[in-house]
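Keep the model open beside the text as you read.

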Amino acid sequence: MERPSRLVLLSELRVRNTTYDVSLSRSQLTWKRRVSSPVYHPFRPSVCHSVSVSEIISVREEEEENGSRRREDGSWKKIKEREEKDCRQAFTVLYVERCRQHRWRCAEVTFTCSDGPLCQHWISSIREQLATISSRPKHLLVYINPYGGKRQGKRIYEQKVAPLFAQAGVSTHVIVTEYANHARDHLKTEAELKKFDGVVCVGGDGMFSEIIHGLIWRTQIDNGVDPNCPDETLSGCSLRIGIIPAGSTDCICFATVGTNDPVTSALHIIVGDSQPMDVCSVHHNNTFLRYSVSLLGYGFYGDVLTDSERKRWMGPARYDLSGLKMFLTHHYYEGTVSYLPARGIIGTPRDAARCRSGCVVCQHNGQLHSERAESYEMDDMSNCESDGEWRTIRGKFLAINAASMSCACPRSPKGLSPAAHLADGTTDLILVRKCSRFDFLRHLLRHTSKDDQFDLTFVEVHRVRRFRFMPRHCQSDSELELDLQENSKHQIFSQICRDHPACGCAPAYSSWNCDGEILTHTAIDVRVHCQLINLFARGIEEPPVFEDLTNPCAI
């Protein structure tokens with residue numbers, strides 16, 4: 001049991017003409033209404049409110065002139081005559097208030113003091129407690145994508161986010177991007193990162209991808225790490241990343257905060273939350289391709305993305321149309337998957353545990369990964385990975401997916417892999433073998449239901465640290481020669497069909513969908529880097545079931 005924090009200040013103050021006992025400790029601000037009647041009223045609403053100091057946004061001194069007070073919306077509020085005696089006898093505390101569906105909002109309470117010196121003492125005491133929170137950002141580099149989603153990024157930032165940053169005393173340097181990969185290129189070369197405490201992107205998942213590519217690449221170059229080498233251990237990024245959702249898809253924000261609400265994300269940034277996240281590096285023949293934090297999809301999801309790119313004029317509806325088209329086409333692809341199982345960890349892809357705020361699985365597996373990295377040299381790790389641990393699966397697949405997080409979104413609340421974790425150093429490799437359209441539809445529908453989407457004979461899932469994929473048409477010459485000897489006539493006609501797709505035969509290969517971007521190669525090597533980046537988030541919070549009963553102030 002935690003020891004109660006030492007009391008810093010205790011006074012009798014007024015809130016809306018009602019007397020409250022207000023106390024400030026190192027961890028909490030509490031105001032409890034004084035009840036004149038000793039009789040217990042079971043249906044009386046809570047008379048005690050408590051706010052964590054870490055979730056106080058700011059405190060401001062109220063300026064009262066000529067018997068009226070100016071509101072933030074421009075209107076004027078009348079005050080009592082007794083409050084006119086001293087223009088510095090009230091202060092307002094802005095704090096985080098939780099709403100439904102993981103949303104946060106900025107609430108405020110105004111306290112009236114008996115005299116000016118007491119008011120100043122309260123203001124200075126609260127500000128001193130806030131100043132001790134070192135995790136809060138003071139200077140932020142902000143990138144705004146004005147073209148993403150419904151082209152509302154600039155408006156969302158100026159109307160909903162910038163005022164909150166100003167109230168919290170957070171200074172910002174804002175850059176409105178002018179072309180694709182503008183933010184990535186600026187972070188790689190021009191940005192003076194030492195001036196800032198974090199980087200914020202206003203946009204969708206594509207904008208977030210730009211930020212991590214620029215920031216991770218810059219970090220590796222500054223630390224002398226070769227990003228093109230798939231066996232290199234990447235250096236972690238020191239700057240945290242904030243996401244203000246303003247795109248057509250905001251899966252990263254939904255998976256790390258629980259909602260796609262700009263105000264909620266801004267408040268997480270202000271209070272200085274930190275959520276580590278794994279990043280997958282994707283290579284082809286010792287050449288770096290991309291980083292991935294959510295989904296790597298080959299087959300169905302790769303085909304959907306490729307087809308939807310031709311329909312960008314339709315907006316988000318293009319994904320539904322392309323998904324239906326690819327489902328009816330029902331293409332399957334041959335290839336070889338090799339993977340390195342994650343050993344010694346807790347948690348499996350099919351358990352009931354979900355990655356939530358303060359996740360025990362992420363903490364345990366992250367610590368285990370750090371200990372292993374310190375215990376073994378890179379040469380020993382390479383030898384270990386090459387001897388016996390690798391497993392290989394060959395076959396015909398409708399889909400090959402690697403989910404580094406649940407990939408949940410409003411349309412699919414469970415996601416592709418409900419038990420995947422944000423920061424455990426693994427990714428869930430999902431293999432959907434060739435099956436009938438009806439069976440594949442059963443698998444897809446289970447993403448939106450309570451049924452186990454992996455409890456099907458043609459679906460298998462593995463929690464891995466690294467995997468490689470080789471499509472059949474990219475196999476070595478010796479393997480192709482062996483296939484020709486076994487069935488030369490079939491291979492000859494397959495090559496003709498491959499060269500002339502108008503015949504209606506299934507294509508030889510698909511494309512990789514890497515967080516919404518198409519990869520230029522199909523033969524890839526993917527490695528998970530544990531907790532490589534940190535976000536201004538805390539994971540999805542689980543509301544306590546009996547919160548009111550365990551809170552003594554609610555009685």
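**Helix packing and confidence**

Helices here are DSSP runs of H or I with at least four residues, numbered from the N terminus. This is a predicted model, where local features need pLDDT of at least 70, side-chain atom pairs need 80 or more, and totals for chains, interfaces and linings use all residues. Residues are numbered from 1 along each chain as its sequence is written, and side-chain values use heavy atoms, without hydrogens or water.

**α7 with α8**
- α7 covers residues 300–308 and α8 covers residues 317–329.
- They pack at about 125°, with axes 8 Å apart (axes are lines fitted to C-alpha atoms over the stretch in contact; angles run from 0 to 180 degrees between N-to-C directions).
- The two helices are therefore oblique (under 35 degrees is roughly parallel, over 145 roughly antiparallel, 65 to 115 roughly perpendicular, the rest oblique).
- Residues of α7 in contact (heavy atoms within 4.5 Å) include Phe-300, Asp-303 and Val-304, and among their α8 partners are Arg-318, Tyr-319 and Met-326.
- By class, this contact has five nonpolar, three polar and four charged residues (nonpolar: Ala, Val, Leu, Ile, Met, Phe, Trp, Tyr, Cys, Pro; charged: Asp, Glu, Lys, Arg; polar: the others, Gly among them).

**α11 joins in**
- α8 also packs with α11 (residues 437–445), at about 145° and with axes 10 Å apart.
- Phe-327, Leu-328 and Thr-329 of α8 meet Arg-437, Phe-440, Leu-441 and Leu-444 of α11.
- This contact divides into five nonpolar, one polar and one charged residue.
- The structure holds 15 aromatic pairs (Phe, Tyr or six-membered Trp rings with centres within 6.5 Å).
- In one of them, the ring centres of Phe-300 and Phe-440 are 5.2 Å apart and the planes lie at 75°, so the pair is edge-to-face (over 60 degrees; under 30 is stacked, the rest tilted).
- Phe-300 in α7 and Phe-440 in α11 are 140 residues apart, so this pair links distant parts of the chain.

**α2 with α6**
- α2 (residues 153–167) and α6 (residues 262–270) pack at about 30°, with axes 10 Å apart.
- That makes α2 roughly parallel to α6.
- Their crossing is right-handed.
- The contact includes Ile-156 and Leu-164 of α2, and Val-263 and Ile-270 of α6.
- Its residues are 10 nonpolar, no polar and one charged.

**Confidence**
- The chain averages a pLDDT of 85 (the predictor's confidence in each residue, from 0 to 100), and 82% of the residues score at least 70.
- pLDDT stays under 50 over residues 65–72 and over residues 78–86.
- Where pLDDT is low, the predicted coordinates should not be read in detail.

Notes: A crossing is left-handed if the near helix is turned anticlockwise from the far one by less than a right angle, and right-handed if clockwise.
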